[in-house]
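Welcome! Have a look at the structure, then try each task before reading on.

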Amino acid sequence: MSKGLFITFEGIDGCGKSTQLNLLKEEFTKQGIEFIEVREPGGTRVGEKIRTILLDRKNDSMTRMAELLLFEAARAQITEEVIIPALEKGVNVICDRFYDSTTAYQGYANKMGRDLTDFLNLKATNETYPDITLLLDIDPETACRRRSERGEADRIEALGLAYQEAVREGYLELAKSEERIKVLDADRTPEAIYEEIHNLIWDLIS
Ligand code: T5A
C-alpha cells in the first residue's frame with residue numbers, strides 16, 4: 001500500500017491558511033479522496049490542552065524555551081498518535097501548520113536558532129516530512145487587517161506587526177532551501193490562490 005500524501009499549510013497569522021485548507025478539503029471530499037485534517041498546536045486531547053496554554057494571553061510570562069518545548073510536545077503527540085498512523089494506512093493528511101511554524105516563529109522571530117529548532121523538530125516528528133508545504137505569503141498589515149475583523153488577538157497574535165514581519169522573513173529564508181515549500185502570493189482572491197494550490201496538489205497526485 002502506498003503512503004498517504006502529507007500536505008502542510010504555513011504562513012503568518014491571518015494569512016488565509018484555514019480558508020485555503022477548507023477549499024482543498026471540499027475538493028477532496030467531492031472527489032472521494034480520503035484524508036484527515038489536523039491542526040497544530042492541537043489535534044489530540046493532550047495537544048488541545050497544550051494549545052490552550054500556548055495561546056492564553058494571561059500566560060505572558062512564558063519563557064521562549066518553555067514555549068518552544070510546548071509546541072514540540074504537542075507536535076510529538078499528534079505525529080505519533082494521528083499523523084504517522086494515517087499516512088501508513090495510505091490516508092492523506094492535511095495539516096494546518098507543522099514544524100516549519102516552529103522554525104519561523106521560534107527559530108527566527110524568537111531567535112532560538114535553527115540548530116535547536118531543527119534538532120527538536122526532527123525528534124518530535126520522528127523524521128516525518130511533509131510532501132508539500134503551501135506557504136501563503138502576505139504582508140503583516142494586510143493579514144492583521146483581516147484578523148482584526150475577527151475579534152481579540154491571542155497571545156502570539158498580540159506580539160504585533162514587527163514580530164509577524166520577522167516570522168515572514170523566517171519563512172521566506174526557509175523556503176529558499178526547501179524544494180517542497182511552495183511560496184504563494186496570498187494577497188489575491190481566495191479563488192485565485194486556490195487555483196494554484198489545486199494545480200500543485202494534482203501534479204503530485206497524478
Ligand atoms: N505557532 C504555531 C508557533 O508560534 N509555533 C508553532 O510551532 C506553531 C505550530 C496558532 C499560533 O501559534 C503559532 C502561530 C500562531 O500564532 P492559530 O489560532 O492556529 O494559532 O492561528 P493561525 O494559524 O494564524 O490561524 P488563523 O485562523 O488566525 O489564520 P489563517 O488560518 O491564516 O487565516 P484564515 O483563513 O482564518 O483567514 C483570516 C481572515 O481573512 C479572511 C478570512 O475570511 C478570515 O476572516 N481571508 C481573506 N480575505 C481576503 N482575501 C483572501 N484571500 C482571504 N483569505 C482569508
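This is a predicted model: local features need pLDDT of at least 70, side-chain atom pairs count only at pLDDT 80 or more; totals for chains, interfaces and linings use all residues.

**Exercise 1.** Where does Pro-41 lie?

Solution. Start with the elements: helices (H or I, at least four residues) and strands (E, at least two) are DSSP runs, numbered from the N terminus. Pro-41 falls in the loop between strand S2 (35-39) and H2.

Residues are numbered from 1 along each chain as its sequence is written, and side-chain values use heavy atoms, with hydrogens and water left out.

**Exercise 2.** Find the residues that come nearest to the ligand.

Solution. First, gather the shell: a residue is near a molecule if one of its heavy atoms lies within 4 Å of it. There are 27 residues around the ligand, and Lys-17, Ser-18, Thr-19, Arg-97 and Thr-102 come nearest. Then sort the shell by type, with Ala, Val, Leu, Ile, Met, Phe, Trp, Tyr, Cys and Pro as nonpolar, Asp, Glu, Lys and Arg as charged, and the others, Gly among them, as polar. That gives eight nonpolar, eight polar and eleven charged residues. Finally, ask which element gives the largest share: H4 does, with four residues.

**Exercise 3.** List polar contacts (pairs of N or O atoms within 3.5 Å) between side chains and the ligand.

Solution. Take the ligand's oxygen atoms to begin with. One is 2.6 Å from an N or O atom in the side chain of Thr-19, and a polar side-chain atom of Arg-75 lies 3.0 Å from an oxygen atom of the ligand. Now turn to nitrogen: a polar side-chain atom of Gln-106 lies 2.9 Å from a nitrogen atom of the ligand.

**Exercise 4.** Which parts does the aromatic pair of Tyr-105 and Tyr-163 tie together?

Solution. Rings of Phe, Tyr and Trp (its six-membered ring) pair if their centres lie within 6.5 Å; planes under 30 degrees apart count as stacked, over 60 as edge-to-face and the rest as tilted. The count comes to six aromatic pairs. Tyr-105 and Tyr-163 form a tilted one, 6.2 Å centre to centre with 55 degrees between the planes. Tyr-105 lies in helix H4 and Tyr-163 in helix H7 (residues 161-177), so the pair ties together parts that are 58 residues apart in sequence.

Technical notes
A polar contact is a pair of N or O atoms within 3.5 Å; within protein, one must be able to donate a hydrogen and the other to accept it, and residues adjacent in sequence count only if both atoms are side-chain atoms.
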